[in-house]
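Try each task before you read its solution.

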Amino acid sequence: MNMYEMVMILNTNMSTVETKAEIKKYNDMLQGWCKTKKVKVEDMGVKKLAYPIKEIHTEGYYVMFTFMSHPAYIAELEKQLRIS
């Protein structure tokens, strides 16, 4: 098993409840698709983006997931993340 880190940037316009639900959704996805039991979630909070997205969004809510998985599961995880 290899160790992986995944950083997500969420929209800052979401409410706290929506943000927590989104983090839980991806935590559950990691546990389901990567067949891993331990997922470390580091809530990094709101940070300024390096450059604006669509000239509107200048900040993002950063969350880092650290987990262990077999490399074979990562391709399917990437596919599911692109879909969602």
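**Exercise 1. The core**

Which residues of the largest nonpolar core touch the most other members?

*Solution.* Keep in mind throughout that this is a predicted model.

Step 1. The largest nonpolar core has 15 residues, and Leu30, Phe65, Phe67 and Leu77 touch the most other members.

Step 2. Now see where the core comes from: β1, α1, β3 and α2 each supply at least two of its residues.

Step 3. Look at Phe67 on its own. Leaving out residues up to four places away in sequence, its contacts include Met3, Met6, Leu30, Val39, Ile74 and Leu77.

Step 4. For background, nonpolar side chains tend to be buried together in soluble globular proteins.

**Exercise 2. The whole chain**

Find the order of the elements along the protein chain, starting from the N terminus.

*Solution.* Step 1. Count the elements: the chain has 2 helices and 3 strands.

Step 1. Read them from the N terminus, and the order is β-α-β-β-α.

Step 2. Of the 84 residues, 31% count as buried. Among contacts with a separation of 6 or more, 65% are between residues 24 or more positions apart.

**Exercise 3. Helix against helix**

Describe how α1 and α2 pack, giving the angle and the distance between their axes.

*Solution.* Step 1. The axes of α1 and α2 come within 10 Å and cross at roughly 145°. The crossing of α1 past α2 is right-handed.

Step 1. List the contact residues: α1 brings Tyr26, Met29, Leu30 and Trp33, while α2 brings Tyr73, Glu76, Leu77, Gln80 and Leu81.

Step 2. Sort them by class, and you get 7 nonpolar, 1 polar and 1 charged residues.

Step 3. Check one pair from both ends. Trp33 is in contact with Tyr73, Glu76 and Gln80, neighbours within four places aside. Under that kind of exclusion, up to four places away in sequence, Gln80 touches Met29 and Trp33.

**Exercise 4. Buried, exposed or partly exposed?**

Classify Thr19, Trp33 and Gln80.

*Solution.* Step 1. Thr19, in helix α1 (residues 16-33), has a relative accessible area of 6% and is therefore buried.

Step 1. Gln80 belongs to helix α2. Its relative accessible area is 17%, so Gln80 is buried as well, the cut-off being under 20%.

Step 2. Trp33 lies in α1 and, at 34% relative accessibility, counts as partly exposed.

Step 3. Finally, locate Thr19 relative to Trp33: they are 14 residues apart in sequence and 21 Å apart in space, C-alpha to C-alpha. Thr19 touches Leu10, Met14 and Tyr61, not counting residues up to four places away.

Notes. Residues are numbered from 1 along each chain as its sequence is written. This is a predicted model: local features need pLDDT of at least 70, side-chain atom pairs count only at pLDDT 80 or more; totals for chains, interfaces and linings use all residues. Side-chain values use heavy atoms; hydrogens and water are left out. Helices (H or I, at least four residues) and strands (E, at least two) are DSSP runs, numbered from the N terminus. Buried means under 20% relative accessible area, exposed over 50%, partly exposed in between (1.4 Å probe, protein chains only). Contact means heavy atoms within 4.5 Å. A nonpolar core is a set of buried Ala, Val, Leu, Ile, Met, Phe, Trp, Tyr and Cys residues joined through side-chain atoms within 4.5 Å. Axes are lines fitted to C-alpha atoms, for helices over the stretch in contact, and angles run from 0 to 180 degrees between N-to-C directions. A crossing is left-handed if the near helix is turned anticlockwise from the far one by less than a right angle, and right-handed if clockwise. Ala, Val, Leu, Ile, Met, Phe, Trp, Tyr, Cys and Pro count as nonpolar, Asp, Glu, Lys and Arg as charged, and the others, Gly among them, as polar.
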